[in-house]
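Please report on the helix packing in this model. Cover a few loop residues as well.

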Amino acid sequence: MVTFLPSRPGRLADVPSFDRAIGGAESNVACVLAAAGHSVRWVGRVGADGFGDHLVERIAGYGVDVSFVHRDPARPTGVYFRTAGDRGTGAHEVAYYRAGSAASAMSVADVDRTAVRAGRILHLSGITAALSESCRTLLHTLTAPRPGRPVLSFDVNHRPALWRTAEGPLVLLDLARRADLVFVGEDEAEEAWGITGGPEAIRRALPEPAVLVVKQGGRGATAFERPTTGPETDGVRPLRRSPAVTFEPAPKVDVVATTGAGDAFAAGFLSGTLRGLPLAARLRYGHLFAAAALTTPGDLATPPARDHADRLSALDHGAWGRLRLAPGWTQAERANEEANTP
């Protein structure tokens with residue numbers, strides 16, 4: 001989608017102007033992963049219009065392969081407007097204009113499944129499932145067990161405003177149970193499925209995924225990894241041979257805006273997964289990438305350089321607990337490095 005960000009705080013009725021940006025859960029993850037140095041392909045559908053041109057050009061500008069993006073001449077590119085307030089507050093407003101959009105017309109018939117499955121990890125989002133019946137069928141097809149399936153990552157991304165019927169939570173639960181790696185917020189699980197009792201209760205409701213990551217807001221995140229005897233697949237770290245439960249607190253962050261932080265967290269965790277990092281380091285990578293998004297106003301932020309993230313993720317527990325990240329923290333590290341270069 002094209003995202004319109006308000007020029008100042010206030011109700012949508014009162015904001016006089018908006019700045020254009022790009023948005024969308026899967027494309028956000030793709031852009032951040034590409035910016036982190038990974039090879040990424042985004043498969044999607046946008047209108048054959050100016051907003052579609054903008055999306056494809058901007059996403060490609062991050063280094064993402066967009067050669068399998070379909071341009072729809074009959075349907076427009078989806079857009080949405082939001083207020084500047086935190087999504088978790090009652091004052092936050094979002095206006096979606098994506099019913100009948102090009103993305104909502106995605107289907108099994110017009111998506112190149114070979115291209116989709118060519119990567120080491122296939123990342124999907126529950127937002128796509130909410131767009132239309134054809135989109136739900138597509139996700140159901142992509143999550144079906146099959147030989148040679150890539151590691152299947154699924155971010156629940158429960159958005160009640162996008163679902164026109166009450167079936168949304170059940171659809172999302174079914175898709176999550178078919179995935180290998182699942183991201184879900186603790187508050188999101190309560191809102192969608194009525195699950196209370198913390199990460200352990202969510203794990204009991206979702207025992208199927210090999211890895212379950214429960215995001216706990218500013219407190220941190222808990223990851224569950226069940227044992228497996230499977231071999232490494234295409235360089236992706238093999239899952240543990242003994243069960244693991246790991247909690248990593250989030251660093252203190254001077255928050256500018258929360259939108260996009262969940263996508264950035266997923267990108268950071270996936271980056272660590274692709275690099276074969278231990279579970280705790282993958283969680284810290286998620287926190288660091290999320291902190292980059294939290295300290296910028298838009299949906300997308302450049303993640304920290306790999307060596308910078310490696311240094312921070314390797315801090316001992318005391319130093320990690322004292323870490324505080326403010327706007328410009330990722331650029332400050334690069335500036336310091338350039339200043340120290342002869």
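Which residues of helix α11 (residues 306-313) are buried? They are His308, Ala309, Leu312 and Ser313. Together they cover an arc of only 125 degrees around the axis, which puts them on the same side of α11. The arc is that of the directions from the helix axis to the C-beta atoms. Buried means under 20% relative accessible area, exposed over 50%, and partly exposed in between, with a 1.4 Å probe and protein chains only. An α-helix has 3.6 residues a turn, so residues three or four places apart point the same way.

This is a predicted model, in which local features need pLDDT of at least 70, side-chain atom pairs count only at pLDDT 80 or more, and totals for chains, interfaces and linings use all residues. Residues are numbered from 1 along each chain as its sequence is written, and side-chain values use heavy atoms, with hydrogens and water left out. Helices (H or I, at least four residues) and strands (E, at least two) are DSSP runs, numbered from the N terminus.

Helix α5 (residues 133-142) has its own set of buried residues: Cys135, Arg136, Leu138, Leu139 and Leu142. These cover an arc of only 160 degrees around the axis, which puts them on the same side of α5. The buried residues of α5 pack against α3 (113-116), β7 (121-125), α4 (126-129), β8 and α6. Contact means heavy atoms within 4.5 Å.

**Helix pairs**

Axes are lines fitted to C-alpha atoms, for helices over the stretch in contact, and angles run from 0 to 180 degrees between N-to-C directions.

| Pair | Angle | Axes |
|---|---|---|
| α1 and α9 | about 45 degrees | 8 Å apart |
| α9 and α10 | about 145 degrees | 7 Å apart |
| α10 and α11 | roughly 120 degrees | within 10 Å |

Take helix α1 (residues 25-35) and helix α9 (residues 261-274), which pack at an angle of about 45 degrees. That makes α1 oblique to α9. Angles under 35 degrees count as roughly parallel, over 145 as roughly antiparallel, 65 to 115 as roughly perpendicular and the rest as oblique. The crossing of α1 and α9 is right-handed. A crossing is left-handed if the near helix is turned anticlockwise from the far one by less than a right angle, and right-handed if clockwise. From α1, the contact takes Ala25, Asn28, Val29, Val32 and Leu33; from α9, it takes Asp263, Ala266, Ala267, Leu270 and Ser271. By class, the residues of the contact of α1 with α9 are seven nonpolar, two polar and one charged. Ala, Val, Leu, Ile, Met, Phe, Trp, Tyr, Cys and Pro count as nonpolar, Asp, Glu, Lys and Arg as charged, and the others, Gly among them, as polar.

Next come α9 and α10. Their crossing is right-handed too. Residues of α9 in the contact include Phe265, Gly268, Phe269 and Gly272, and those of α10 include Leu283, Tyr285, Gly286 and Phe289. The contact of α9 with α10 has 12 nonpolar, six polar and one charged residues.

The axes of helix α10 (residues 279-294) and α11 cross at roughly 120 degrees. That makes α10 oblique to α11. This crossing is right-handed. Arg284, Tyr285 and Leu288 of α10 meet Arg306, Ala309, Asp310, Leu312 and Ser313 of α11. The contact of α10 with α11 divides into four nonpolar, one polar and three charged residues.

**Loop residues**

Ala301 sits in the loop between α10 and α11. Is Ala301 buried or exposed? It is buried, with a relative accessible area of 12%. Beyond its neighbours within four places in sequence, Ala301 is in contact with Val32, Ala292, Ala293 and Thr296. Its C-alpha atom is 8.5 Å from that of Phe289, 12 residues apart along the chain.

Asn157 lies in the loop between β8 (151-155) and α6 (168-177). Asn157 is buried, at 6% relative accessible area. Its phi is positive, about 45 degrees, although it is not a glycine.

Pro9 is in the loop between β1 (2-6) and β2 (18-22). At 62% relative accessibility, Pro9 counts as exposed. Pro207 is in the loop between α8 (199-205) and β10 (211-215). At 43% relative accessibility, Pro207 counts as partly exposed. Pro207 and Val46 are 36 Å apart in space, C-alpha to C-alpha, and 161 residues apart in sequence.
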